[in-house]
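Hi there,

Here is the structure I promised to pass along. Have a look, and my notes on its helix packing follow below.

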Amino acid sequence: METDAGDQPTPPTRMRGVTISREYGSGGGEIAARLARRLGWQLVDHQLVTEVARALGETEEVAGRSDEHVAGFVARVIDGLQWVAPWSGGQPGHTADEDLRRHYEALCTVIRAVMEVGQVVIVGRGAQALLADRRDVLHVRVVAPLERRVGYVAGREGLSPEAARDRIRRKDGDRAHYLQAVERVRPDDPHLYDVVINTGVLSLDQAVEIVATALAAKGERLDVPEKELGPGAGLGPYPAAPGELRLRR
């Protein structure tokens with residue numbers, strides 16, 4: 001039986017947040033929730049579409065369609081935002097692409113505002129691409145083999161394996177399409193992330209531990225100049241030219 005990692009002490013850090021991208025059914029949402037509890041940080045997950053919808057004057061259903069069917073936010077942050085006028089869904093003369101872009105720009109403003117407050121764990125919504133240039137944010141991708149994800153979704157959502165497989169395909173497709181449409185990147189690009197975790201074998205609590213360790217480690221590197229970062233930092237040339245592996249013919 002797994003234990004909740006929330007009672008384990010976490011060292012202080014100057015990091016502002018963690019973004020978690022996940023394959024559907026990999027347990028990424030649960031990892032985010034456990035990590036937020038462990039750190040004592042705000043989980044930015046299910047409230048965002050609801051709160052953005054309220055700020056825009058939309059219905060939650062309309063807002064959800066514009067945001068890869070996910071939600072989540074810190075209400076006290078968005079309540080203080082004055083960056084957008086009321087908006088009632090699609091307006092005359094607006095194409096679907098224009099509505100998507102306008103909604104995405106509003107979400108970008110929200111995510112940046114949340115990050116200024118700091119100590120947040122953000123799930124999804126392309127935050128890994130939007131915040132890619134911030135060194136004080138850790139970016140995590142959670143993956144798992146398809147059959148393990150089918151079992152997770154079937155068990156958690158009470159679906160047959162066939163229905164779970166269809167749901168995974170649809171959700172992963174929606175997320176990939178959304179990120180490609182608004183950021184022109186693929187969610188499975190490993191260069192978007194500091195850490196990629198496969199929960200095919202690792203438990204959810206072990207994944208939380210890995211993320212917490214990586215968060216602290218990245219925080220310790222915030223003052224290192226950019227030119228001193230990278231795998232070659234502090235290393236000299238090889239003592240001899242590296243050998244080539246040649247296959248015998």
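**Helix packing notes**

The axes of helix H1 (residues 28–39) and helix H9 (residues 204–219) come within 9 Å and cross at roughly 55°. That makes H1 oblique to H9 (angles under 35 degrees count as roughly parallel, over 145 as roughly antiparallel, 65 to 115 as roughly perpendicular and the rest as oblique). On the H1 side, the contact (heavy atoms within 4.5 Å) is made by Glu 30, Ile 31, Arg 34, Leu 35, Arg 38 and Leu 39; the H9 residues include Leu 204, Val 208 and Leu 215. These contact residues divide into 9 nonpolar, no polar and 5 charged (Ala, Val, Leu, Ile, Met, Phe, Trp, Tyr, Cys and Pro count as nonpolar, Asp, Glu, Lys and Arg as charged, and the others, Gly among them, as polar).

A word on provenance: this is a predicted model, where local features need pLDDT of at least 70 and side-chain atom pairs pLDDT 80 or more, while totals for chains, interfaces and linings use all residues. Residues are numbered from 1 along each chain as its sequence is written, and side-chain values use heavy atoms, leaving out hydrogens and water.

Elsewhere, helix H7 (residues 146–157) and helix H8 (residues 161–183) have axes that come within 8 Å and cross at roughly 110°, which makes H7 roughly perpendicular to H8.

Happy to chat!

Key
Axes fitted to C-alpha atoms, helices over the stretch in contact; angles between N-to-C directions. Helix = DSSP H or I, 4+ residues; strand = E, 2+ residues; numbered from the N terminus.
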